[in-house]
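Here are my comments on the model, as numbered points. Please read them with the structure open.

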Amino acid sequence: MHSSAKVYLVGSGPGDPELLTIKAARLIREADVIVYDQLPGPEILASLPDSAELIDVGKYAGDHTLAQGEINRLLVDRASQGKTVVRLKGGDPYLFGRGGEEAMELHEAGVPFEVVPGITSAIAAPASAGIPITHRDHASVVTIITGHEQDKGAPMVDWEWLAQSKGTIVVLMGVSTLDKYVPELIRCGSDPDTPVAIIERGTRPDQVVTTGSLRTIVDVARKHGVKAPAIVVIGDVVQLHRTIFSQKIE
Ligand code: SAH
């Protein structure tokens, strides 16, 4: 392996370019190769420097989407050429971003790598909608789950336990399966009046917040045409949205 070869698994934060870390911004500026998908969002992707080789793994060679194995091989390949590679990932690389899988591959291939944590959308999107995910009067437990629990290797979500936990539930990748897990939570004992908020494109200029309760949210989301990427927040803390959101400082 060439001495300067290195892969940085970089979290790009939730989408507002000012929420990139200083380290992420520097590595992006200095990279020979930047490998990205669409999750970082248009504002950050538009600011990637022309000086780097930019590889969109969602639209590789026309419209072919690279499978995870091909992305891993690409990272190893470019690093083997002695390049400094930034693998840019939305939010934090190690939260449902397959960053762990990429790190394992790099480790096995003997490629030096470093993880650069990012601000996760799981916390930043609710915050940007005026929802603190914990609050002493409302929730002292937070569970972050994926709405796509059939994802290979992910252990099943324990809905009974979640319904009993009385904490905040934050769901990533949870739009298309909303009509599966919301009734499941109610069946497992969650109060149907528990407030729910869905934050689309959190921290971006076109952020949209949609609110309802466990009883209403499936219909409300359908009516409003809610789309990914979005964070679903379930719990009493969602009540704070109205008070705090109106005081949001731009
Ligand atoms: N590693 C990322 C999550 C990757 S999974 C992170 O830490 O944020 C992809 C999911 O992240 C999306 O389906 C959506 O649920 C969520 N997501 C990422 N960015 C978002 C944003 N700006 N607004 C709302 N949801 C977002």
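1. Start with D92. One of its backbone N or O atoms lies 2.8 Å from a nitrogen atom of the ligand. Keep in mind that this is a predicted model.

2. P14 also uses its backbone. A polar backbone atom of P14 is 2.7 Å from a nitrogen atom of the ligand.

3. S121 uses its side chain instead. An N or O atom in that side chain is 2.6 Å from an oxygen atom of the ligand. How much of the ligand does the protein bury? Taken alone, the ligand exposes 540 Å², and the protein buries 95% of that area.

4. Now the surroundings. The ligand has 18 residues around it. P14, L95, T120, S121 and A230 come nearest.

5. What is the make-up of the shell around the ligand? Ten of its residues are nonpolar, five are polar and three are charged.

6. Turn to the domains. The assignment for the chain gives domain 1 (6-116) and domain 2 (121-244). Their centres, taken over C-alpha atoms, are separated by 28 Å. The contact between them takes twelve residues from domain 1 and 13 residues from domain 2.

7. Where do the shell residues come from? Domain 1 (6-116) and domain 2 (121-244) each supply at least three residues to the shell around the ligand.

Note on methods. Residues numbered from 1 in each chain as written. Predicted model: local features only at pLDDT ≥ 70, side-chain atom pairs only at ≥ 80, totals over all residues. Heavy atoms only, no water. Near = heavy atom within 4 Å. Polar contact = N/O pair within 3.5 Å; in protein donor to acceptor, adjacent residues only side chain to side chain. Areas by Shrake-Rupley, 256 points an atom, 1.4 Å probe, with all protein chains shown as cover. Nonpolar A, V, L, I, M, F, W, Y, C, P; charged D, E, K, R; others polar. Domains from an automatic or database assignment. Contact = heavy atoms within 4.5 Å.
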